[in-house]
Amino acid sequence: MYHFFVTPAQVRDGCCFITGQDVKHIRNVLRMKPGEQIGIRDGISHNYICSITEIGTEEICARILSEEEDGSELPARIYLFQGLPKGDKMEWIIQKAVELGAYQIVPVATRRAVVKLDSKKAEAKGKRWNAVAESAAKQSGRMMIPKVSGVIGFSEACAMAGQLDCALIPYELARDMGETREVLSRIRPGMQVGIFIGPEGGFDVEEVEEAKAAGLLPITLGRRILRTETAGMTALSILMFHLES
């Protein structure tokens with residue numbers, strides 16, 4: 001079943017009204033017809049099973065058949081602070097982070113990041129990244145579309161993480177797996193948790209010290225050094241298993 005997102009204002013009188021690019025996708029790509037069923041989420045907590053009743057050029061009307069409980073979101077909000085990687089890796093990271101339940105992805109400009117984005121490129125990348133997040137949210141059955149924020153500096157990221165209940169920074173020099181298990185055991189449903197992942201070159205030592213001073217907790221992800229696109233997914237997978245257990 002195909003899934004789409006609407007705003008709460010687009011749900012009324014027992015129907016969901018789809019607008020925007022999804023109309024063209026349903027009409028011209030999927031070539032769906034009245035009577036076919038689709039899943040619709042309002043981006044908050046409602047998941048509807050609907051039957052298409054009308055397909056117009058600007059709007060599609062789908063009658064609500066039933067409502068399912070919210071069961072696809074993690075019981076905690078996970079913020080992935082991702083150091084800017086090279087090439088198109090960020091799109092892959094966003095896609096997989098959304099699939100694994102991340103609440104928000106925050107691109108971070110770090111000292112060792114090769115990629116440098118000016119304001120114009122950052123704006124274009126931001127639009128593309130949020131489109132990737134929306135597509136991944138539809139594919140994975142999320143109840144909401146995780147936001148990809150604008151690119152921020154490392155100090156700003158630390159300040160943002162300081163407002164969360166807990167923030168972790170996987171670091172290759174952190175070796176104590178027992179301490180890492182203890183840190184992870186304190187993470188509970190309802191918390192807001194940040195994960196900091198460095199770019200290809202990792203974090204600068206001064207950045208790690210700044211993060212620790214801001215309250216971030218160094219953890220280890222094992223004895224092997226992971227690539228930037230692997231480290232975040234590993235941390236998210238561990239948290240997903242921990243929270244959903």
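The questions and answers below go through parts of a predicted model. Residues are numbered from 1 along each chain as its sequence is written, and side-chain values use heavy atoms, with hydrogens and water left out. Because the model is predicted, local features need pLDDT of at least 70 and side-chain atom pairs count only at pLDDT 80 or more, while totals for chains, interfaces and linings use all residues.

Q: What is the order of the six strands in the open sheet?
A: Strands are DSSP runs of E of at least two residues, and helices are runs of H or I of at least four, numbered from the N terminus. Two strands pair if DSSP finds at least two bridges between them. The open sheet has mixed pairing, and its six strands have the order 1-4-5-6-3-2.

Q: Which residue stands opposite Phe 5 in strand 4?
A: Strand 1 and strand 4 run parallel and are joined by three bridges. Strand 4 covers residues 37–41, and four of its five residues are buried, where buried means under 20% relative accessible area, exposed over 50% and partly exposed in between (1.4 Å probe, protein chains only). The residue opposite Phe 5 is Arg 41.

Q: What is the bridge partner of Arg 41 in strand 5?
A: Strand 4 and strand 5 run antiparallel, with five bridges between them. They form a hairpin with five residues between them, and Gly 43 in the turn has a positive phi of about 75°. The bridge partner of Arg 41 in strand 5 is Asn 47.

Q: Is Arg 142 buried or exposed?
A: Arg 142 lies in the loop between helix 3 (119–140) and strand 9 (147–148). Beyond residues up to four places away in sequence, Arg 142 touches residues including Phe 5, Arg 41 and Tyr 103, a contact being heavy atoms within 4.5 Å. A polar atom of its side chain lies 3.1 Å from the backbone oxygen of Ala 102. At 2% relative accessibility, Arg 142 counts as buried.

Q: How many Å apart are the end C-alpha atoms of helix 7?
A: The expected span of a helix is 1.5 Å times one less than its number of residues. Helix 7 (residues 228–244) has 17 residues, so it should span 24 Å. The end C-alpha atoms agree with this, being apart by 25 Å.

Q: Which side chain does that of Thr 228 join in a polar contact of 2.8 Å?
A: Thr 228 is in helix 7 and, at 5% relative accessibility, counts as buried. Among the residues that Thr 228 touches are Gly 83, Pro 85 and Ile 93. A polar contact is a pair of N or O atoms within 3.5 Å; within protein, one must be able to donate a hydrogen and the other to accept it, and residues adjacent in sequence count only if both atoms are side-chain atoms. The partner of Thr 228 in the 2.8 Å contact is Gln 82.
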